[in-house]
2 protein chains.
Amino acid sequence: MALIVQKYGGTSVADADCLRNVARIIADTYKKGDDVVVVVSAQGDTTDDLIAKAKEITGSPQKRELDVLLSAGETMSSALLAMAVQALGCPAVSLQGWQAGFQTSSAYGSARIKTIQTERLKVELGRKNVVIVAGFQGICRYDDITTFGRGGSDTTAVALAAALHADRCQFYKDVEGVYTCDPRKVKGAQRLSEITYDEMLELATLGAQVLNNRAVEMAKKYNVELEVLSSYARNPGTIVKEVTTMEKMLVRGVTKDTDTARISVVGVADIPGVAFKIFSKLAAKDINVDIILQSVGRDNTKDISFTVSRAHAGEAVGILEAMDLTAGLPLVCDTQVAKISVVGAGMETHPGTASKMFEALYGADINIQMISTSEIKISVLIEQAQADRAVAAVHNAFFPEG
Amino acid sequence: MALIVQKYGGTSVADADCLRNVARIIADTYKKGDDVVVVVSAQGDTTDDLIAKAKEITGSPQKRELDVLLSAGETMSSALLAMAVQALGCPAVSLQGWQAGFQTSSAYGSARIKTIQTERLKVELGRKNVVIVAGFQGICRYDDITTFGRGGSDTTAVALAAALHADRCQFYKDVEGVYTCDPRKVKGAQRLSEITYDEMLELATLGAQVLNNRAVEMAKKYNVELEVLSSYARNPGTIVKEVTTMEKMLVRGVTKDTDTARISVVGVADIPGVAFKIFSKLAAKDINVDIILQSVGRDNTKDISFTVSRAHAGEAVGILEAMDLTAGLPLVCDTQVAKISVVGAGMETHPGTASKMFEALYGADINIQMISTSEIKISVLIEQAQADRAVAAVHNAFFPEG
């Protein structure tokens with residue numbers, strides 16, 4: 001007998017048929033004799049719809065009230081899923097964040113989980129109930145409702161798995177696992193049977209929207225074994241854990257990220273502290289900078305380029321225009337770019353990976369604007385219009401079809 | 001400085017414009033210097049929509065989970081209204097049933113309020129916040145979410161007003177108060193400036209859907225002064241209290257109730273205990289019987305007629321058909337009936353009221369099927385097709401036009 005935490009996203013519970021399908025998976029797990037704790041997201045577009053309702057009232061809704069409003073999405077889906085599980089003759093009980101013991105910080109909209117008081121959860125498991133927890137929500141020390149931000153239900157699931165010492169934390173998705181590439185777009189994309197936390201983190205950051213990063217980081221910290229699998233196919237999925245054993249793959253996957261913008265300033269004074277001054281200014285505004293490229297100085301000036309997420313591009317440009325160092329200099333902000341990356345824990349000991357990637361891009365006649373490397377990934381920035389072609393070419397180099 | 005409890009129903013908060021209108025009333029009250037506690041229902045058809053969603057999953061959703069689901073309706077409207085009030089520069093905070101201290105019985109779907117722990121409410125009022133309480137919900141001793149059943153937000157408001165010793169409990173509606181008749185249907189319907197709790201109870205029971213009866217009963221018990229007024233007109237409404245002083249009206253209003261069915265059994269044995277046996281059987285099934293009429297015995301048999309709500313008519317017929325006493329006897333179930341009533345605390349000392357009503361019906365050529373009287377009302381059962389004409393005739397007799 002094991003304790004399994006299962007997490008179902010908004011697409012998996014979008015309507016009554018979806019809920020019934022998910023309920024069958026839960027009931028099957030329960031009937032095998034396992035204890036089951038389920039974490040559920042809001043149905044389909046509920047969260048977006050609720051945000052739209054708030055925006056109809058005021059352009060800048062108070063975060064405390066927005067959290068109250070959004071928490072209702074998961075409240076509703078948890079109750080509906082409990083009904084669907086009960087309809088299969090399986091005892092179930094829904095719990096809201098405050099009932100499930102989620103104590104958080106008071107940072108409305110992006111609250112951090114401080115502790116989970118597991119008494120009520122254990123009582124319900126002791127009663128042989130399937131426990132269905134509304135994801136994404138908790139309460140702070142003022143007894144106010146808080147939410148964890150986008151992807152917060154993934155975090156709810158991993159935190160519960162850690163607190164209850166669950167044997168596994170399963171994420172049911174509309175894909176069958178983690179792939180070497182987006183299977184809807186790239187022919188020959190292969191499902192991975194195992195992957196490490198670090199590889200998963202890189203994949204998530206790079207645009208493979210499978211699991212929320214905060215959730216994977218938490219899983220790594222508490223050594224919670226994850227599984228990504230399909231809520232329809234009923235096949236084994238991809239296991240995410242500290243060390244993978246079954247495969248020794250050099251490269252785990254190829255990803256594309258189009259939520260990025262390149263900003264370049266030309267002719268910055270070539271004096272010490274320039275990079276520090278620019279990037280500390282951006283950091284102070286919580287703007288995350290990804291790839292940074294600085295040209296070698298010439299005529300006492302240098303060029304600095306960096307990428308940020310698109311949402312931050314305008315703000316970053318404004319900061320540069322307001323700085324003495326960069327004001328008045330030629331400034332380029334290009335949002336028609338894409339970041340293509342290969343990820344794999346094995347690549348650090350295999351120097352051929354980068355050249356193989358560059359060769360594939362050269363073969364497809366694609367120009368590289370920027371390059372960034374880490375121990376387990378290589379990323380390049382290219383023109384966005386060429387992104388899909390670039391992914392196909394690079395993927396085919398590492399995972400030849402047939 | 002007074003403490004005012006204001007309750008807004010689902011129609012008053014149906015969309016963003018409605019919410020903004022309601023927020024203006026709240027902000028105006030607050031800016032006069034009063035402490036304001038607001039109770040809000042779910043928006044528009046939200047509750048019905050949620051019930052429909054549950055029914056899509058299962059024909060008989062578990063009541064505990066249905067309460068979790070339905071509570072989300074008021075949660076959402078409370079947060080949206082708080083945002084709308086804040087947008088007018090007025091500090092506000094939404095509280096859910098469990099945060100507002102509503103401790104209830106565990107009768108999911110029809111929970112009774114046991115106590116209200118007012119600490120949090122008082123803290124928020126002390127901070128000069130408008131407190132917006134999600135109506136209709138509380139928690140039971142197992143820390144589970146409960147709801148109070150239809151009209152439960154009215155009860156929430158009166159209970160809060162009683163617990164906080166509020167100076168007045170206002171109900172904002174889409175009508176300007178309590179009328180002598182339905183103003184949308186009867187020309188010359190007059191708004192009452194005052195009415196007693198007992199009269200209000202009779203009016204509510206008889207089909208004038210202004211305030212929930214449980215709420216009025218609670219107001220009577222704790223002597224909470226109520227006011228029914230319009231969320232659009234900004235005029236004084238109708239005050240509901242123990243003793244009215246300003247007017248000495250014989251009759252307060254004329255009502256119509258079409259949610260009724262007449263059941264008649266012909267030729268029941270004329271022996272002692274017949275009525276007891278039939279009506280105790282119905283009571284055991286929670287079927288509320290309204291008017292009862294028993295013919296004088298003849299040939300050792302008698303006829304028994306009674307009215308029940310339409311929803312219970314089929315079940316009542318089934319019970320009669322299964323009883324030894326009545327099985328096989330001719331049985332009539334007529335749902336094409338309506339109950340017309342006149343209500344007024346003054347009528348018990350004025351014997352002319354009944355004859356005036358009957359005269360008006362006779363003048364309109366309307367046949368009376370059954371008659372029932374109490375200290376403050378006279379009801380007659382008539383053919384449903386004649387109901388509107390009957391109301392107009394009776395209303396005109398007591399409140400002549402012009």
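**Figure 1. The rotation axis and the residue of chain B closest to it.** In this predicted model, B:Ala72 is the residue of chain B that comes closest to the rotation axis, with its C-alpha at 2.6 Å. The same surface serves both copies, since 100% of the contact residues of chain B recur in chain A. Chain B is superposed on chain A by a rotation of 180 degrees with 0.1 Å of shift along the axis, and the RMSD is 0.2 Å. The two copies are thus related as by a two-fold rotation axis.

**Figure 2. The largest cavity and its lining.** The count comes to 1 cavity of 30 Å³ or more. The largest cavity has a volume of about 140 Å³. Its lining is made of 16 residues, and those nearest the centre are A:Thr75, A:Trp98, B:Thr75, B:Trp98 and B:Ile145. Two or more lining residues come from each of these elements: helix 3 (63–86) of chain A, helix 3 (63–86) of chain B and strand 7 (137–139) of chain B.

Figure 3. A:Gly73 is a residue of helix 3 of chain A. With a relative accessible area of 2%, A:Gly73 is buried, because the cut-off for buried is under 20%. Beyond its neighbours within four places in sequence, A:Gly73 is in contact with A:Ala42, A:Thr46 and A:Leu50. The view also takes in A:Ser41, which is 32 residues from A:Gly73 along the chain, with 7.6 Å between the two C-alpha atoms.

**Figure 4. Helix 1 of chain B and the elements packed against it.** Helix 1 of chain B covers residues 16–31, which is 16 residues. From first C-alpha to last, helix 1 of chain B reaches 22 Å, close to the 22 Å expected at 1.5 Å a residue. Its buried residues are B:Ala16, B:Cys18, B:Leu19, B:Asn21, B:Val22, B:Ala23, B:Ile25, B:Ile26, B:Ala27, B:Thr29 and B:Tyr30. Within chain B, these buried residues pack against strand 1 (3–8), strand 2 (35–40), helix 3, strand 6 (130–134) and strand 9 (168–173). They also pack against an element of chain A, helix 2 (46–57).

**Figure 5. Helix 11 of chain B and its buried face.** Helix 11 of chain B has 12 residues, 387–398. The distance from its first C-alpha to its last is 17 Å, close to the 16 Å expected at 1.5 Å a residue. Buried in helix 11 of chain B are B:Ala387, B:Ala390, B:Val391, B:Val394, B:His395 and B:Phe398. Seen down the axis of helix 11 of chain B, the buried residues fall within an arc of 125 degrees, so they line one face of the helix. Against these buried residues pack strand 13 (253–257), strand 18 (337–343), helix 10 (352–363) and strand 20 (377–383) of chain B.

**Figure 6. A:Met200 in helix 6 of chain A.** A:Met200 belongs to helix 6 of chain A, residues 197–205. A:Met200 counts as buried, at 1% relative accessibility. Its contacts, leaving aside neighbours within four places in sequence, are with A:Val178, A:Ile195, A:Val210, A:Leu211, A:Asn213, A:Val216 and A:Val240. A:Lys63 is 137 residues from A:Met200 in sequence, and the two C-alpha atoms are 31 Å apart in space.

**Figure 7. B:Glu199 in helix 6 of chain B.** B:Glu199 is placed in helix 6 of chain B, residues 197–205. The relative accessible area of B:Glu199 is 1%, and the residue is buried. Not counting residues up to four places away in sequence, B:Glu199 touches B:Arg252, B:Val343, B:Gly344, B:Ala345, B:Gly346 and B:Ile376.

**Figure 8. Two loop residues of chain B with positive phi.** Most residues other than glycine have a negative phi. B:Asn223 has a positive phi, near 55 degrees, and is a residue other than glycine. B:Asn223 is found in the loop between helix 7 (213–222) and strand 11 (226–230) of chain B. With a relative accessible area of 55%, B:Asn223 is exposed. B:Arg234 is also a residue other than glycine with a positive phi, near 55 degrees. The loop that holds B:Arg234 runs between strand 11 and strand 12 (238–241) of chain B. B:Arg234 counts as partly exposed, at 45% relative accessibility.

Terms used
Residues numbered from 1 in each chain as written. Chains lettered and ligands numbered in written order. Predicted model: local features only at pLDDT ≥ 70, side-chain atom pairs only at ≥ 80, totals over all residues. Heavy atoms only, no water. Least-squares fit on C-alpha atoms with pLDDT ≥ 70 in both. Contact = heavy atoms within 4.5 Å. Helix = DSSP H or I, 4+ residues; strand = E, 2+ residues; numbered from the N terminus. Expected span 1.5 Å × (residues − 1). Buried < 20%, exposed > 50% of the residue type's maximum accessible area, 1.4 Å probe, protein only. Arc of directions from axis to C-beta. 1 Å grid on protein atoms, 1.4 Å probe; cavity = no way out; pocket = protein on both sides within 12 Å on 5 of 7 lines; lining within 4 Å. Points joined across faces, edges and corners; volume = space filled by probe spheres on them.
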